[in-house]
Amino acid sequence: MSAGDESLAVPMRHDRPRVLSYLGRWGRARRWLPDDARVVLDVGCAFGYGTAALAAGGRRVIGVERDPDHIREAARRFPWLQVLEGDAEALPVADRSVDAVVMLDVLEHVPDPHAALVEAHRVLRPGGMIVLSVPHCGLLARIDALNVYPALRRRFRSWQPLEPADETGPAGHHHFETEEIRNLLGSGFVVSRTARTGIGLTELVHLALLVAFKGLLRSRSAYRALLPLHLLVYLIDDLIPAGRYGYHLTVEAVAAEPAVRS
Ligand SMILES: [Zn+2]
């Protein structure tokens with residue numbers, strides 16, 4: 001980290017392992033991050049549950065989140081976590097100030113994914129690493145609950161909207177091919193590892209919860225109370241290495257040295 005950047009200088013006190021330190025995209029990112037990645041930015045960290053999981057083992061992980069409600073919630077649940085207000089396309093840290101950037105299920109929600117990756121490159125030190133995850137064009141991409149439910153809602157107007165964090169642009173919740181991510185990363189990054197996991201069984205559960213509780217019963221509180229079920233199915237499904245049928249794509253890439261950049 002750069003010595004002059006006070007915003008990155010707050011020590012992290014709590015670092016106990018959590019379930020998410022070992023499973024799902026958070027566990028994978030934590031395993032993939034090199035030991036010498038001491039300052040890590042978790043971009044689009046919501047209320048910090050993943051940031052806390054990534055921090056297990058004593059690594060300093062700083063969240064970045066644009067939604068003030070999420071930032072307040074993070075402060076309440078994880079008061080020892082540092083969460084900065086900012087956007088994936090305008091990160092609130094200096095050039096070359098972090099060892100790694102983690103961007104889990106963020107790119108499919110931002111208006112300009114390429115701009116977010118250029119910004120990640122700006123804040124990474126040369127040789128630093130990005131670990132990102134996105135929905136993949138696998139077998140069950142068409143049953144993506146975040147695309148199917150809004151389509152149903154256009155017919156059933158009284159159904160409740162998605163949670164703000166699940167909202168997508170007009171193009172919907174985009175599913176990527178590995179090559180598409182490689183192209184978006186551009187010449188500033190070298191892809192070093194990929195994984196395609198889970199077949200998307202979670203989506204059936206998520207869609208059922210959305211239709212039952214936000215649609216038919218119109219009870220946001222019941223929906224939110226049952227969300228851990230959806231997470232549990234995701235964590236189990238994600239253990240399946242699914243190749244081209246995979247629902248989730250994780251990509252690791254290294255920021256090229258400036259001399260190699262075109
Ligand atoms: Zn998403």
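This note walks through the predicted model in numbered points, from the whole fold down to single residues.

1. **Ground rules.** Residue numbers start from 1 along each chain, following the sequence as written. The model is predicted, so local features need pLDDT of at least 70 and side-chain atom pairs count only at pLDDT 80 or more, while totals for chains, interfaces and linings use all residues.

2. **The overall fold.** The protein has 8 helices and 7 strands. Both kinds of element are DSSP runs numbered from the N terminus: helices are H or I with at least four residues, and strands are E with at least two. Along its principal axes, the C-alpha trace spans about 55 × 40 × 30 Å. The radius of gyration is 18 Å, which agrees with the value near 18 Å for a compact globule of 262 residues. That radius is taken over C-alpha atoms, and the globule rule is 2.2 Å times the number of residues to the power 0.38.

3. How much of the protein is buried? Of the 262 residues, 42% count as buried. A residue is buried if 20 or more other C-beta atoms lie within 10 Å of its own, exposed if 12 or fewer, and partly exposed in between, with C-beta atoms placed from the backbone. Two residues are in contact if their C-beta atoms, placed from the backbone, lie within 7 Å. Among contacts between residues at least 6 apart in sequence, 75% join residues at least 24 apart.

4. **The nonpolar cores.** In soluble globular proteins, nonpolar side chains tend to be buried together. A nonpolar core here is a set of buried Ala, Val, Leu, Ile, Met, Phe, Trp, Tyr and Cys residues joined through C-beta atoms within 7 Å. The largest core has 54 residues, of which V40, L41, V101, V102, M103 and I130 touch the most other members. A second, separate core has 7 residues, including A145, L146, L209 and L210. Back in the largest core, take L41: leaving aside neighbours within four places in sequence, L41 is in contact with I62, V64, L91, V93, V98, V101, V102 and V123.

5. **Helices α5 and α7.** Helix α5 (residues 145-155) packs on helix α7 (residues 201-216) at an angle of about 30 degrees, and their axes are 9 Å apart. That angle makes α5 roughly parallel to α7. The contact brings together A145, V148, Y149 and L152 of α5 with E203, H206, L207, L210, V211 and G215 of α7. Axes are lines fitted to C-alpha atoms, for helices over the stretch in contact, and angles run from 0 to 180 degrees between N-to-C directions. Angles under 35 degrees count as roughly parallel, over 145 as roughly antiparallel, 65 to 115 as roughly perpendicular and the rest as oblique.

6. **Helices α7 and α8.** Is α7 roughly parallel or roughly antiparallel to helix α8? The two helices pack at an angle of about 175 degrees, with axes 8 Å apart, so α7 is roughly antiparallel to α8. Among the contact residues are L201, T202 and V205 of α7, and R220, A222 and Y223 of α8. Y234, found in helix α8, counts as buried because it has 21 C-beta neighbours inside 10 Å. Leaving aside neighbours within four places in sequence, Y234 is in contact with G24 and T202.

7. **A covered helix.** Helix α1 (residues 24-32) is mostly covered, with 7 of its 9 residues buried. They are G24, R25, W26, G27, R28, A29 and R30. These buried residues pack against α2 (49-54), β4 (98-104), β5 (124-135), β6 (189-197), α8 and β7 (248-255).

8. **Two loop residues with positive phi.** Most residues other than glycine have a negative phi. A46, in the loop between β1 (39-43) and α2, has a phi near 50 degrees. R218, in the loop between α7 and α8, has a positive phi of about 50 degrees. A46 counts as buried because it has 21 C-beta neighbours inside 10 Å, whereas R218 is exposed, with 12 other C-beta atoms within 10 Å.

9. **A buried loop residue.** A88 sits in the loop between β3 (82-85) and β4, and it is buried, with 24 other C-beta atoms within 10 Å. Leaving aside neighbours within four places in sequence, A88 is in contact with V43, G44, M103, V106, V110, A116 and E119.
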